[in-house]
Amino acid sequence: MFKRFSKAFSAMRHTGGVSFVERLLKRTRFDYRKEIGDGLDSSVVTAPIQWIQRALPEATLTVRKRTADGTHDEMPGHKMLELIARPNPYYGDITLWNATLLSYLLDGNAYWIKVRSRIGRPAELWYVPHWTMEPKAATDGSEFLTHYTYSPGGGAAPVDLELDEVIHFRHGLDPRNLRKGLSPLAGTIREIFMDLEGSNFVASLLRNMGVPGVVISPKNGGTVAPEDVQATKAWFNQSFSGDRRGGALVMGAPTDVSPYGFNPQQMNMSEARDIAEERVCACLGIPAAVVGFGAGLQTSKVGATMAELTKLAWRNGVLPLCRLLADELDRSLLPDFGDPAGLKSHFDTSEVLALQDDMDKAASRWNTMIQGGWVMMSEGREAMGLDADDSHKIYLRPAMSLEVPAGGTPAGAALAQEAGRQEEQEEDGKALKSLDGQKHGDDHGHSHDHPRASRAVMRAGAVFVNALQKQEGPLEKAFERRLKAFFADLGKAAKRAAGASMSAEDLTAVVGPKSASGFEEKSDELLVAQILDKLGIAAHRTTFQKLYEAHYVDTAKKVSEAAELAGLPGSLPDPVARAVAGAGGRRSGLVDLSAQTRKAMFDAIAEGRAEGEGVTQVANRIAGYVEGGHWQTPDVRARIIARSETKYAQNVSTVERAKAAGVERFIIFDGRLGEGRSDPDHIARNGSIVDAAEASQIAADEHPNGTLSFAPYFGEDE
């Protein structure tokens, strides 16, 4: 049976179209399709289609290329986009799309013809009405589609076109003819006819059933001479029409005067016509209210607001169209401009006013998830259509939400083994020189009149310190990447804010004498304040603080991993994480982001004005100055901050982690670069034993290039 089945379908056979009789609506032999024609004369059809035609241009057609990391790069200069923007010498892209939508929504099929250049690339695109194009198949059904027959009319002979010369936008597939799309309005033929007939009925009544306002007749069936009838009619019209309406009527003989007319309520077809409006709009995915139909306006008075209905129209009506049109372009036009691998057409809706509320809600939702530490910053940026790189692959996780292991690994055995392995190493021996009996002071006023650790204790502590040293490099690099990304974003934001705030007059105005710093304070003070206000520096400070806190917590985690080598459990208690994150937040405040940004803007404006630069050049200069700060370059700025803050974060984490385990004293490891490279006072305090408060103060006073580290001290007998 399987063999017979396989043999029967080794070559697919395709169906043809159905007969005219089969296309008639069910339960009737009346051809409603023929009666409504192309539908262009029906307002119930054209009104929602015109709404979609007006809405679609708000979205921007783009071509995106998928990168190796899963993100997308826009290709605004792609040749396909240029051709669609200027499809031919006689109309532009909006007209092209409007005509395409008309055919697509009326018939379920829309067609473009490609006119190629001498090198075979499409040079022009032409819309043709849907009734002029017919897809054709092989007569024996062996091929689904062989060509298109274009019948331009006007006495011109039909033309057969190759498949690659036609772009065919289909609304699904019509089961009656699988080569064509199914009209979205196919199921509303009767309703459209009903609306047309209702409109014709009322118009006919008004046109053909004019009636007199009153009837004047002799009382009791008397007769009047024709000349008296005309005289009475003329007299009545003259006396009681126009401004004389409402005057007194006095007749000289017994007379009946009766009002006469047609009741307007008999012409009320609103309920029947509402049905047509509702169903046509439903088939197009558009709420009737956004079109302005009475049926929709009645329902919009309660329930959904007009803004919500407009958003629904975009979601159900316009966005599916965007996806379908883009998909057909990918199949039928994009390959004509080179290898389409990794490329995809896309309608960008970020500027669509009706969807902005969605963008705001999405941004708020992603911001909450990022701030809560649920997702990485890179995921949020990608979801909002922003570029993301490795520097954004970080979690901004609050300290109180950290996962804390239920228990720790007992210390002791690992410490002894590592201490034994380290004992023979010459490099560690140099770094662990005992300076027993010496008393020194450093330039910060800290006394070195402290007890000294023995060589054995120093060797044990060196295992922990060496582990910290191995962690420094990766931690510094990771923090450096995040800082560079942050400063780059800050520079771009400053550039945008400056471009929106400055004018040519701001760069040429001279108000008052120059100050010692070289800029016109009276004119620039207000300008810089305006730029800072647009920049929203407070929000950037918050992000900067979160970066610090996240880095400090990451460092604390690594320190906890090394804690077992110092005789401490390897977990990170929540109070310790909060204390470390708090220290990071306080340290971020030492970088006066507002003042540095403000000074950078003053310097950039002053120097740009001196060079005679315009608004764009000065805005670019501001971006560079804000990004680099007083270090001039963002690379140096990020590197110095990352190095000094990683070392300080390690020391704070060591002290806080040991304090949580009941350790109150610490061994100082410092001056390990040797004479000539390390500060003599730092060499002198190497091996000293200090309490927790002193250790915290020494760490806070350390300069950016220091090598200061601490190891927990348990005592000689521990």
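**Surface, cores and a strand pair in a predicted model**

Trp235 comes out as partly exposed because its relative accessible area is 35%, where buried means under 20%, exposed over 50%, and partly exposed in between (1.4 Å probe, protein chains only). This tryptophan sits in helix α7, residues 226-240; helices (H or I, at least four residues) and strands (E, at least two) are DSSP runs, numbered from the N terminus. Together with Val214, Leu249 and Val257, Trp235 forms a nonpolar patch on the surface, with about 280 Å² of accessible area for the four together. Patches here take residues with over 30% relative accessible area and no salt bridge, joining like charges within 9 Å and nonpolar side chains (Val, Leu, Ile, Met, Phe, Trp, Tyr) within 5 Å. A salt bridge, in turn, is a side-chain nitrogen of Lys or Arg within 4 Å of a carboxyl oxygen of Asp or Glu. The areas come from the Shrake-Rupley method with a 1.4 Å probe, and for residues only the protein chains shown count as cover.

Residues are numbered from 1 along each chain as its sequence is written, and side-chain values use heavy atoms, with hydrogens and water left out.

Zooming out, the protein chain has 25 helices and 14 strands. Of its 718 residues, 42% are buried, and the chain exposes about 38400 Å², 53% of it supplied by carbon and sulfur atoms. Among contacts (heavy atoms within 4.5 Å) with a separation of 6 or more, 70% are between residues 24 or more positions apart.

Next, the inside. The largest nonpolar core has 65 residues, and Ile531, Leu535, Met601, Ile622 and Phe710 have the most contacts inside it. Helix α16 (residues 455-501) gives this core its largest share, nine residues. Apart from it lies another core, of 60 residues, including Leu106, Ile286, Val291 and Val318. A core of this kind is a set of buried Ala, Val, Leu, Ile, Met, Phe, Trp, Tyr and Cys residues joined through side-chain atoms within 4.5 Å. Back at Leu535, the contacts beyond four places in sequence are Leu490, Ala493, Ala494, Ala497, His540, Thr597 and Met601.

Polar residues get buried too. Ser345, in strand β11 (residues 343-348), counts as buried because its relative accessibility is 4%. Its side chain makes a polar contact of 2.7 Å with that of Asp330, meaning a pair of N or O atoms within 3.5 Å; within protein, one must be able to donate a hydrogen and the other to accept it, and residues adjacent in sequence count only if both atoms are side-chain atoms. Thr62, also in contact with Ser345, lies in strand β1 (residues 60-66) and is buried at 11% relative accessible area. The side chains of Thr62 and Glu74 are joined by a polar contact of 3.4 Å.

Finally, Leu163 belongs to the loop between β7 (159-161) and β8 (166-170) and is partly exposed at 35%. Its C-alpha atom is 8.1 Å from that of Leu145, 18 residues apart along the chain, and beyond four places in sequence Leu163 touches Leu145, Thr146, His147 and Tyr148.

Terms used: This is a predicted model: local features need pLDDT of at least 70, side-chain atom pairs count only at pLDDT 80 or more; totals for chains, interfaces and linings use all residues.
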